[in-house]
Amino acid sequence: MVEELLHSSPGIANFGIFFLLGAVLLLIVLGFVTYGILAERKVMGYMQLRHGPNRVGGKWGLLQTVADVLKLLLKEDIIPKAADKPLFILAPVVAFAPSFMVLATIPFTDKFQFADIGVGLLYYIAVSGLTVFGMVLGGWASNNKYALLGGMRAAAQMISYEIPLVMSVLGIILLTGSLNLNDIVEQQENVWFILLQPVAFVVFFIASIAELNRTPFDLPEAENELVAGYHVEYSGFRWAFFMLAEYVYLFAMSALITVIFLGGWLPLFDFLSFIPGAVWFSVKFSAVVFVYIWLRSTLPRFRVDRLMEFGWKVLFPVALANIFLTALIKTLFF
Amino acid sequence: MELLNLYQNNYLIVFVFLCLGVLLPVVALSLGKLLRPNKPSDEKYTTYESGIDPFHDSRVQFNVRYYIFALMFVIFDVETVFLYPWAVAYDKLGVFALIEMLIFVIMLLIGLIYAWKKKVLQWI
């Protein structure tokens, strides 16, 4: 049915159907964010020898995040007098919209996917770069010293780590000769790209943590230096959208790593192919999310000068060298 | 025609995602207006500065380093714009393109080394 839909001429009806399907994905993502936050708090709790949330919603605290969201919804909306009001209102929207847009091209399984566009990977990287506008805008519009510093740091960090992120995937593009994420998954039938491109994986993973603003690279919102960084002045649901954008990116980035490095929905071994692709995808995806949480509770925060030097002096040359090494090996031996 | 439809539909989906991404905050914030209280008082609307009254505008002159990093970003991001199509078409281009790209990247690398020596990459 969907195949026919995709081949019919585009119009309002198609728009409506895609809109409903997209809304379903939005609900799935919101569900992930709700329980992703709970999982993060629980995992971090156990890693720090405590229980984490355990009051609301039974022993596991299953309703904790729901209660948090409802609380945020009932908070008074405060826009400081000194702030630039239109930009202040615009910033959370600018930060959130690209985080959901990037999900359009990610193939979750061979059937469950949305836009199958030729430049899927490039689209992801280009659109995900837009979020930094929301952060700088939020920091600047707040007219608050902490917020402005946080916004500037966010911009400096994200543009510095975007380059190794973008360059590390070039090794994979060299191997596949395609930017389409479906093609990239299908080429991993025999061996996953994490084994063929280990250097690219390490660089990509480190840069992705910096792009997600998570510990050890959470300098833009360093609580004990900048209070909360670019969203100091935000409260209630406007603040919630900055947080939501961050966790939707966690979802998107984990999904992207699963797709380009861990073989997407493909099984680990051929004889295990009776297990459906959706299960494989969610297992790998959950593993990646778990590693992100694990790193957050293990590593201390970087120092700001080290952060920039590490990005430009280590990750960037390594990513460049990886590209040419891959190209050279490919020309000489294949 | 078939292919054109497929192409257009896929980009229609991208547009749908853009609409959803913008609509969710807009709808949630407008609906939230009905739920949240509104009891304005002057103290609530002052800028937060760890308890003391803010004493001047926060939009001050910024360290030029941020600007230099932005310049470097533009240079190397444009480089990736050239590297992407090269990588996609690498199978067809062969060794000649590899050497050409190597020369191009080395020229930019000289720029990086220059910035390195000038201590631009150091954050003080």
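What is the average pLDDT of chain A, and what share of its residues score at least 70?

**View 1. Confidence along chain A.** This is a predicted model, and chain A averages a pLDDT of 85, with 97% of the residues scoring at least 70. Look for two helices here: H12 of chain A (residues 223-226) has the lowest mean pLDDT among the elements of the chain, 66, while H11 of chain A (residues 198-211) has the highest, 90.

**View 2. Helix H1 of chain B.** At B:Leu23 the helix bends by about 25 degrees, and the proline B:Pro25 follows within four residues. B:Pro25 is also buried, and other buried residues of H1(B) include B:Asn9, B:Ile13, B:Phe17 and B:Leu29.

**View 3. The largest nonpolar core.** Now meet a core of 120 residues, where A:Ala155, A:Val169, A:Ala252, A:Leu256 and A:Ile260 have the most contacts inside it. Helix H13 of chain A (residues 236-260) gives the largest share, 17 residues. Zoom in on A:Ala252: leaving aside neighbours within four places in sequence, this residue is in contact with A:Ser99, A:Val102, A:Leu103 and A:Ile106.

**View 4. Where the two chains touch.** Here 66 residues of chain A are in contact with 57 residues of chain B. Several helices of chain A give two or more residues to this side, among them H2 (12-47), H7 (145-168) and H13. H15(A) gives the most, with ten residues. By class, the side of chain A that touches chain B has 44 nonpolar, twelve polar and ten charged residues.

Terms used. Residues numbered from 1 in each chain as written. Chains lettered and ligands numbered in written order. Predicted model: local features only at pLDDT ≥ 70, side-chain atom pairs only at ≥ 80, totals over all residues. Bend = angle between axes of the 7 residues up to and from the residue. Buried ≥ 20, exposed ≤ 12 C-beta atoms within 10 Å, placed from the backbone. pLDDT = per-residue confidence, 0-100. Core = buried A, V, L, I, M, F, W, Y, C linked by C-beta atoms within 7 Å. Contact = placed C-beta atoms within 7 Å. Nonpolar A, V, L, I, M, F, W, Y, C, P; charged D, E, K, R; others polar.
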